[in-house]
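Please keep the sequence and the coordinates at hand while reading.

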Amino acid sequence: MTPTHRVTIAYGDGIGPEIMRAVLAVLEAAGAPLEYDVIEIGEQVYQRGITSGIPDEAWEVLRRNRVFLKAPITTPQGKGYKSLNVTIRKALGLFANIRPTKSLHPYVETPYPNIDLVIVRENEEDLYAAIEHRQTTEVVQALKLVTRPGSEGIIRYAFEYARAYGRRKVTCMTKDNILKMTDGLFHRIFDEVAAAYPEIEAEHRIIDIGAALVAARPETLDVIVTLNLYGDILSDIAAQVAGSVGLGGSANVGTHAAMFEAIHGSAPDIAGKDVANPSGLLNAAVMMLVHLGLADVAARIENAWLRTIEDGIHTADIYRPGKSRQKVGTQAFAEAVIARLGQEPQHLKPVHFRKPGISVAIHPVPRQPKQLVGVDVFLDWDAEGRNPEVLGRTLEALAGEAFRLHVITNRGVKVYPGGLPETFCTDHWRCRFVAAQENLTPLEILDLLRRLHEAGLDFIKTEHLYTFEGQPGYSLAQAE
């Protein structure tokens, strides 16, 4: 006997309630062993003064059930309202964002008839940590954070997804030819994880050529796994070329919880008119069923949906005279899917999902011995002429016995010793001091900073330089 799964649902705003009712009717007719707890989120909650859009009592339900099917919501503009999705993702540790993109040619119009790819995007790290600082008059910085546990989790999820959905290939996309430490770590972990899935082809692409492939030759790709910023951009490119944003579902998945939703918004202009397409939320529900290990039910619904599309039963957003057979509303479309449960498409490729469900455990990383070997001191220095030779000679005199000045860079380019006079310099300087002897201590760094301060130099940031098991834990300067 199949156990019952308890799922949290939210009817949302705009078209949310009507497409949720349609999806629940399909789930019930397909025999999905689900029970539901309803929470209120979105516009009405925002209007009660709760800036997150979700009341305190809803968190207990979400944490208890661990699986959340969410209809679209409306976020009021301005007034400090927070993104509900961002709040839930961060609070529940939903590290993986999954966005399938599939063409339904010739039944749904698209310039790319063979696209069938999935983008698995890291959801919490990278530049989306949004740690930024203005450091000088001319320079601001953003910190790109990439962790081994975060990278391993998203990469392992991509391979588990490929296995569950019968996919053939996973492509990693990074910019590790430039970002050798952050993106380089992601690429190395990809190679490590891929070795545990020999039945799945693994490849790596530099992100610029990878994005070009998504835009121009998406049929050559299958599952893409990448970092947060790249994944955000690629998801929008893929949705644009597929031409079927209204049909897509998405998932945000973590170790302890998962949220499933349509890609589209709440469309308040057509709310209550029984014209909205429930396909996006229905496809999200199918992803939820696979996640729960209910592969047979998921395939039964997805194949019935494909058969409905194939039979020309279309809502207004995809209806085309001469191509579609019947224009239907929200509930009638759901009824058409229900009538085809147990059938498979005749021309589109049927789906077959694999058990069990998808789960990923993130393992702690063993501590590695590290040794302090120097410090990068960042200066706000705008002396007349901004001459690196002047700054270099000044710092060499201040280095003391514990350090030697190794290099000065400006915007990552070496300017001292031996820089080029044509190199443009801002007022932001990275000055690398390396230990002149072993057993460097933080107290000696503090003493160096004291000397710089007493000399009138404005240090704005420091980064300690460590080796880990003898390997440098820092990047070299260009031309160093």
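Which residues of helix 4 (residues 84-92) are buried? In this predicted model, they are Leu84, Asn85, Thr87, Ile88, Arg89 and Leu92. After helix 4 comes Gly93, which has a positive phi near 65°.

A strand residue may be considered next. Thr174 belongs to strand 8, which spans residues 169-174. Thr174 counts as buried because its relative accessibility is 0%, and buried means under 20%. The side chain of Thr174 forms a polar contact of 2.8 Å with the side chain of His204. Beyond its neighbours within four places in sequence, Thr174 is in contact with His204, Arg205, Ile206 and Ile207, with Asp183, Phe186 and His187, and with Leu227 and Tyr230.

Glu310 is located in helix 10 (residues 295-310). Although Glu310 is buried, no salt bridge is assigned to Glu310. The nearest side chain of opposite charge is that of Arg307, 4.1 Å away, whereas a salt bridge requires a separation within 4 Å. The side chain of Glu310 does, however, reach the backbone nitrogen of His347 at 2.6 Å. When neighbours within four places in sequence are set aside, the contacts of Glu310 are Tyr107, Pro345, Gln346, His347 and Leu348.

Key:
Residues are numbered from 1 along each chain as its sequence is written. This is a predicted model: local features need pLDDT of at least 70, side-chain atom pairs count only at pLDDT 80 or more; totals for chains, interfaces and linings use all residues. Side-chain values use heavy atoms; hydrogens and water are left out. Helices (H or I, at least four residues) and strands (E, at least two) are DSSP runs, numbered from the N terminus. Buried means under 20% relative accessible area, exposed over 50%, partly exposed in between (1.4 Å probe, protein chains only). A polar contact is a pair of N or O atoms within 3.5 Å; within protein, one must be able to donate a hydrogen and the other to accept it, and residues adjacent in sequence count only if both atoms are side-chain atoms. Contact means heavy atoms within 4.5 Å. Lys and Arg count as positive and Asp and Glu as negative; His and the chain ends are not counted.
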